Amino acid sequence: MATPAQGEAGKNVSFEVQATYAPLDKQLQTPPMAPPSGNVSIRFQGKNCTASLSTAQGTPPDQRISSGTCVIQNVSAGQSNATADYQGDQNYGPGTISLSYTVAPATQQGGAPNPNAPAMPVISLEPSSDTGFSNSDAKTNDDTPTLRVILTDGGPNAHKLDDVVKIYLSNGSEVASVPLTPSNTTSTALLVTTSPLGADGPKILTAKVVRGAVMSPASPPLSLALDRTAPALTSASINGAIVRVNYAETGSGIDDSTTIPSALFTLITGVRTANTPVRSAVNKANNTVTLELATPVITQEPVRLNYDSDPKGVRDIAGNLATSVTTLQMTNLTPKPEDPKPQPQTGSGSGSGSGPSVTQPPPQKVAPPPNSNVIVTNITPSQPAIINTSAARFNSPAGIARDKQGNLYVTDQKNYTVRKIAVSGAVTTVAGKAGESAHMDGPVGTSRFLAPGAIAVDQAGNLYVVDNRDLRKIGTDGNVTTMVTTPGDPALRGPNTFGLPAGLATDKAGNIFIADYLVGVIWKVTPEGKVARFVTIGQGIANLAGAGPSGIAIDAADNLYVSDLPYSLNAGGFSSIHKVAPDSKVTLLHGPGLGLVNARGIGIDAKGDLFINENLLIVKIAVQGNTMTAYQLPSSPGGGSVSAASVALNPESSAVYFTDAAKHTVNRLDPDGKITIIAGRVGEVGAVDIEK
């Protein structure tokens with residue numbers, strides 16, 4: 001094409017080029033960006049220059065917009081036609097090219113430099129306007145971004161007072177005009193905030209410096225993507241313990257660079273007040289967030305989802321946060337279970353006779369199959385809970401452990417902290433900070449946790465915490481370290497990575513044993529952090545069936561006791577109790593005939609008696625006489641029943657300490673059935689410590 005330009009003797013002509021073109025092959029789904037030959041040759045008055053193009057996606061998406069500049073120096077007077085030539089390549093044909101020009105007195109007669117001509121500026125997006133996780137990807141939700149303009153402060157082309165910096169869009173629209181003044185020229189970098197850039201999409205910006213009738217060459221173009229549309233959670237489905245939340249994202253793409261705190265999601269179910277996921281992962285390929293529940297739902301159980309918007313939650317690359325969602329209806333895909341079949345007792349304590357059944361079981365229990373050899377002596381109604389007037393507050397306490405001095409350690413899951421309840425009754429925060437969910441190692445005061453769960457304490461007083469899928473250590477030296485980490489992307493996980501760690505125990509040598517509910521394995525982690533499979537218990541629940549190890553305890557001889565948890569509470573599955581010797585020999589102590597269906601945590605006292613939290617029960621299995629006592633947990637003040645999330649034992653007194661995540665309390669069950677709330681208050685959420 002031809003464009004007339006007015007030449008002035010001895011001056012330069014600066015040409016700005018914009019080429020818009022589409023792919024030759026209309027079937028191209030993802031057109032390439034500018035090809036290597038994507039330059040435009042300019043010819044004017046018999047002289048040539050080449051504009052090197054910078055390319056961005058246009059509208060429609062298969063269109064490309066390229067822009068660039070070049071200068072033909074020392075032209076002659078008079079009007080001439082300028083020609084622009086773009087040949088295209090195998091992907092793009094010749095495009096529609098617009099050409100504009102500026103006559104700039106960059107040289108005097110004879111080609112000598114003119115000291116009054118401003119130099120070409122250089123622009124970049126200021127990091128504060130490059131929103132989102134990265135501040136260097138030129139993706140932003142700021143439609144009036146701040147640009148950094150680099151000026152020249154020395155030499156014949158130095159920028160001067162009263163020069164004006166102008167910013168242009170690729171369509172020629174001026175979006176900023178800032179004169180240089182004494183206050184803003186103290187540095188070689190000038191910060192310029194633009195006017196609104198218009199609709200979301202790719203933007204190409206250039207800068208020029210104007211001095212009266214003189215204008216510098218345009219800066220190299222700056223390409224950025226403007227995205228002000230937040231992702232939205234649109235629908236969700238659940239199958240047992242696996243939740244898939246679908247989201248819509250039309251702009252810069254979802255940010256999967258960090259792990260979303262699972263505590264931001266809460267499931268409201270038909271039979272449980274709240275069910276908080278313990279794991280989360282973003283899948284950009286199919287626009288979903290996958291959650292894993294510690295407690296699977298049952299067939300046809302109504303389920304709704306709540307999501308709390310958070311800077312660490314669902315967000316796109318430009319930094320837009322998904323908004324909060326209340327009671328999003330979910331599709332329950334959990335299959336209907338088959339009728340359960342009685343299973344023969346194996347291992348130690350096996351027998352072929354029929355044992356007695358429970359004549360008046362608690363409401364949530366089912367009668368055990370007729371193959372139990374455990375004598376059920378009584379079901380003892382516990383006394384009403386004694387309310388402690390402690391001012392300490394918790395937010396979904398989860399794991400609990402007791403050291404040899406009698407101090408308790410609790411993972412306060414939705415506060416993202418680890419708390420200590422001293423023998424004196426004082427409650428303090430050991431590590432993490434309430435309200436701040438992150439993975440940060442270092443001194444306990446600056447450490448952060450994502451979703452602390454199971455916890456254990458070794459003989460030396462070091463604490464071990466399952467945080468999301470990672471194993472972290474709170475040392476007696478006051479530092480938090482990550483011993484074992486699990487990649488968030490399943491494709492990056494090796495054979496010795498955790499699936500769903502649910503319980504912790506430590507032996508006298510400092511080894512850590514982890515019950516993995518998902519893969520059906522007891523992991524052994526040495527004090528140096530070396531991971532190995534110790535034994536297999538069950539088949540895990542990776543195939544959305546069966547059972548996996550959930551609780552784990554250890555006795556004075558370093559024997560492990562493991563409780564497993566069926567995948568579905570309504571699938572006819574029953575919990576079992578296994579003993580694992582230090583040489584890794586596995587013995588089945590109590591099989592399905594025990595009649596437990598929801599054995600989560602387990603503890604052992606000095607006599608060898610086992611204590612298991614069975615949702616609304618604490619079950620004691622005495623080693624002498626092989627008898628079982630079930631303590632029915634009472635209704636709590638404010639309504640609802642007390643439920644045990646995790647247990648810890650005083651091995652001498654046989655007192656059982658347990659957390660109640662739904663009621664936000666830490667409790668003690670004495671052998672006579674008395675329950676005392678030792679910290680927290682029913683139904684009150686907080687993060688208050690107390691000194692005594």
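This is a predicted model: local features need pLDDT of at least 70, side-chain atom pairs count only at pLDDT 80 or more; totals for chains, interfaces and linings use all residues.
Two residues are said to be in contact here when heavy atoms of theirs lie within 4.5 Å of each other. Glycine 399 belongs to strand S26, which covers residues 397–402, and with a relative accessibility of 4% glycine 399 counts as buried. Between glycine 399 and glutamine 413 there are 14 residues of separation in sequence, and the C-alpha to C-alpha separation in space is 8.5 Å.

The chain as a whole can now be set around that residue. The secondary structure of the protein chain amounts to 50 strands and zero helices, and of its 692 residues 52% count as buried. Among the contacts in the chain with a separation of 6 or more, 57% are made by residues 24 or more positions apart. The accessible surface of the chain is about 28,800 Å², and carbon and sulfur atoms account for 51% of that surface.

From these totals we turn to the interior. In soluble globular proteins, nonpolar side chains tend to be buried together. The largest nonpolar core in this model has 26 residues, and those with the most contacts inside this core are Phe265 and Val314. At least two residues of this core come from each of strand S18 (232–239), strand S19 (242–248), strand S20 (265–269), strand S22 (288–293), strand S23 (303–307) and strand S24 (325–332). Apart from this core lies another one, of 21 residues, with Val149, Leu151, Val165 and Leu190 among them.

Strand S32, residues 463–467, is mostly covered, since five of its five residues are buried. In a regular strand the side chains alternate between the two faces of the sheet. In S32, Leu463, Val465 and Asp467 point one way while Tyr464 and Val466 point the other way, and all of these are buried.

S32 also has paired strands to consider. Strand S31 (residues 452–457) pairs with S32 in the antiparallel sense over four bridges, and within this pairing valine 457 has leucine 463 of S32 as its bridge partner. The hairpin of S31 and S32 has five residues between the strands, and in this hairpin glycine 461 adopts a positive phi near 95°. S32 pairs as well with strand S33 (residues 470–474), in the antiparallel sense and over five bridges, where arginine 472 of S33 is the bridge partner of valine 465. In the hairpin of S32 and S33, which has two residues between the strands, asparagine 468 takes a positive phi near 60°.

Positive phi values occur in loops of the model too. Tyrosine 416, a residue other than glycine, has a phi near 65°, and tyrosine 416 sits in the loop between strand S27 (408–412) and strand S28 (417–421). Although in a loop, tyrosine 416 is buried, with a relative accessible area of 9%. Serine 584, likewise not a glycine, has a positive phi of about 75° and is found in the loop between strand S41 (577–580) and strand S42 (586–590); at 29% relative accessibility, serine 584 counts as partly exposed.

Charged side chains complete the picture. The count of salt bridges comes to 18, and Asp143, Asp200 and Arg228 are linked in a network of such bridges. One of the salt bridges joins lysine 433 and glutamate 436, at 3.5 Å from N to O; lysine 433 is partly exposed, with a relative accessible area of 41%, and glutamate 436 is partly exposed, with 30%. In the salt bridge between aspartate 609 and lysine 607, at 3.7 Å from N to O, aspartate 609 is buried at 4% relative accessible area, whereas lysine 607 counts as exposed at 55%. Arginine 668 and aspartate 670 also meet in a salt bridge, at 3.0 Å from N to O. Buried means under 20% relative accessible area, so aspartate 670, at 15%, counts as buried, while arginine 668, at 23%, counts as partly exposed.

Definitions and conventions. Residues are numbered from 1 along each chain as its sequence is written. Side-chain values use heavy atoms; hydrogens and water are left out. A nonpolar core is a set of buried Ala, Val, Leu, Ile, Met, Phe, Trp, Tyr and Cys residues joined through side-chain atoms within 4.5 Å. Buried means under 20% relative accessible area, exposed over 50%, partly exposed in between (1.4 Å probe, protein chains only). A salt bridge is a side-chain nitrogen of Lys or Arg within 4 Å of a carboxyl oxygen of Asp or Glu. Accessible areas come from the Shrake-Rupley method with a 1.4 Å probe; for residues, only the protein chains shown count as cover. Two strands pair if DSSP finds at least two bridges between them.
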